[in-house]
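Please consult the sequence and the coordinates alongside the text.

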Amino acid sequence: MAVLWLVLLAGLPVFFLGVLPWAVLEHFRTAQVPRGLQHAAKVRCLHCVFLYAMAVGNILEKLRICSMPRFVHFLHDRLSIKNNREVVVTDLRFGTIPVRLFRPKAASSSPRRGILFYHGGASIFGSLDSYHNVCSFLARETDSVLLSVGYRKAPEHHYPVAITDCLNASIYFLKTLEAYGVDPSRVVACGDSIGGMIVAIITQTLVGRTDLPQIRAQVLVYPVIQAINLQLPSFQQNQNVPFLSLQLMMTCVCSYLAIDLSWKDAILKGACIPRDFWNKYRKWLSSDNLPKRFRTKGQQPETLAPFNEAAYLETKHILDVENAPLMAEDKIIAQLPEAFLVSCELDMLRDDSLLYKKRLEDQGVHVTWYHVEDGFHGCLVLFDKMFFSFPCSLNIMNAVVNYIKGL
């Protein structure tokens with residue numbers, strides 16, 4: 001950490017003279033900030049900072065000082081963590097897995113609700129610290145005991161490590177709820193982005209486990225539900241919207257799944273998808289499943305490139321249900337707990353939420369849907385971060401709180 005502080009201080013002249021102007025130019029060259037977006041100037045400013053952090057991180061990585069994700073973590077975790085006097089926070093380890101427990105300080109005459117929380121960050125970013133304010137707010141406002149899981153991430157750890165960490169921590173927590181004062185009939189699984197995908201995977205995995213308390217509800221905030229059909233309307237419309245661009249998403253997907261970036265185009269064009277697979281599962285993956293208002297007249301048709309067997313062999317784990325919970329069997333989907341789904345209009349992954357919503361509803365699972373017109377991917381992690389926060393962040397948090405309290 002001391003080395004990183006020295007790099008930051010020593011690099012200030014380079015920042016102002018070189019990297020910052022590059023970040024600004026790169027933003028205006030590539031970023032798509034929709035007209036009428038609230039706080040557009042703030043979005044532009046933060047995106048430039050984000051590009052700067054990644055650029056410096058890449059330089060440090062090439063110098064073998066630290067990895068780019070670790071440098072971004074370092075900067076992000078410097079943002080203020082609020083000391084909420086109404087919540088007791090305890091850092092623990094379940095085996096080797098770091099977790100953070102949030103408990104309301106006030107005494108309770110009966111067991112409280114429990115929340116399992118899996119943070120976002122595209123499998124590369126995000127941490128217990130960066131989501132501390134989110135978790136503290138959720139625990140306080142819903143009067144719940146919340147467990148946040150600090151799973152291992154790329155680039156050091158690849159699929160399925162993050163899922164395994166979250167599953168093991170969740171099972172341990174579910175087996176010891178009494179020790180934490182949690183009502184076994186009121187446990188909610190919650191997560192954003194890849195954390196939302198982990199919620200979907202874990203609730204599916206635990207279906208039929210009679211030795212564990214059943215998850216009462218699942219909360220998925222702009223989740224990643226599949227990386228198979230990347231030609232959906234939201235991918236076409238929002239591929240350059242800050243802060244999750246198509247280029248960054250593909251970098252994160254390939255890093256998480258340990259796929260060489262040279263296969264990126266094959267994944268984007270669907271060349272790695274066997275035709276029999278597409279014909280069988282198109283009924284779940286196609287944009288035909290989206291509400292009409294999310295399909296635009298200018299949308300390019302979903303056409304697969306000629307099948308490339310080499311690409312398939314290198315990337316076939318993208319088709320696994322653990323990387324595409326949308327593909328779970330009907331008998332599994334039908335047994336899932338009710339869901340609260342959040343989608344953001346300005347999010348490249350918007351249509352993932354809509355596809356999963358239909359998939360759940362088709363199997364009789366009750367879904368409450370909350371769509372944020374001015375929302376963008378990653379806005380939740382900026383909640384309660386002073387200047388860096390946005391109204392959409394607070395709106396999502398309030399919607400999640402109201403849903404959980406209403407269970």
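The account below moves from the overall fold to aromatic contacts and then to cavities and pockets.

**Overall fold**

The model is predicted. Its chain has 407 residues, of which 57% count as buried. The secondary structure comprises 15 helices and 8 strands. Taking contacts between residues at least 6 apart in sequence, 77% join residues at least 24 apart.

**Aromatic pairs**

The structure contains 15 aromatic pairs. Among them is the pair of Tyr281 and Trp284, which is tilted, with 5.4 Å from centre to centre and 40 degrees between the planes. Both residues belong to helix α11 (residues 275-285); because they are 3 residues apart there, about one helical turn separates Tyr281 and Trp284. Tyr281 counts as buried at 17% relative accessibility, and Trp284 is likewise buried, with a relative accessible area of 14%.

Phe294 and Trp369 form an aromatic pair that is edge-to-face, with 6.2 Å centre to centre and 65 degrees between the planes. Phe294 is located in the loop between α11 and α12 (309-315), while Trp369 lies in strand β8 (residues 367-372), so this pair ties together parts that are 75 residues apart in sequence. Phe294 is buried, with a relative accessible area of 2%, whereas Trp369 is partly exposed, its relative accessible area being 31%.

The geometry of the two pairs is set out below.

| Pair | Centre to centre | Angle between planes | Arrangement |
|---|---|---|---|
| Tyr281 and Trp284 | 5.4 Å | 40 degrees | tilted |
| Phe294 and Trp369 | 6.2 Å | 65 degrees | edge-to-face |

**Cluster and charges over rings**

Five phenylalanines, Phe50, Phe125, Phe243, Phe376 and Phe390, form one aromatic cluster. Over the face of one of them, Phe390, lies Lys42, at 4.8 Å from the ring centre. Trp284, described above as the partner of Tyr281, also has a charge over its ring: the charged end of Arg359 sits 3.5 Å from the ring centre.

**Cavities**

Rolling a probe the size of a water molecule over the atoms shows where empty space is left. The largest cavity holds about 50 Å³ of space. Its lining consists of Phe117, Val134, Leu138, Cys190, Val221, Leu380, Ile396, Met397 and Val400. By class, this lining has 9 nonpolar residues, no polar residues and no charged residues.

Helices α5 (132-142) and α15 (391-405) each supply at least two residues of the lining of the largest cavity. The largest share, 3 residues, comes from α15.

**Largest pocket**

About 1000 Å³ of space lies in the largest pocket. It is lined by 46 residues, and those nearest its centre are Phe50, Val72, His76, Phe125 and Val381.

Which helices each supply at least two residues of the lining of the largest pocket? They include α3 (40-62), α4 (68-76), α7 (194-205) and α9 (246-256). The lining of the largest pocket divides into 32 nonpolar, 12 polar and 2 charged residues, whereas that of the largest cavity has no polar and no charged residues.

Terms used
Residues numbered from 1 in each chain as written. Predicted model: local features only at pLDDT ≥ 70, side-chain atom pairs only at ≥ 80, totals over all residues. Heavy atoms only, no water. Phe/Tyr/Trp six-rings, centres within 6.5 Å; stacked < 30°, edge-to-face > 60°. Helix = DSSP H or I, 4+ residues; strand = E, 2+ residues; numbered from the N terminus. Buried < 20%, exposed > 50% of the residue type's maximum accessible area, 1.4 Å probe, protein only. Lys NZ or Arg CZ within 6 Å of the ring centre and 35° of its normal. 1 Å grid on protein atoms, 1.4 Å probe; cavity = no way out; pocket = protein on both sides within 12 Å on 5 of 7 lines; lining within 4 Å. Points joined across faces, edges and corners; volume = space filled by probe spheres on them. Nonpolar A, V, L, I, M, F, W, Y, C, P; charged D, E, K, R; others polar. Contact = heavy atoms within 4.5 Å.
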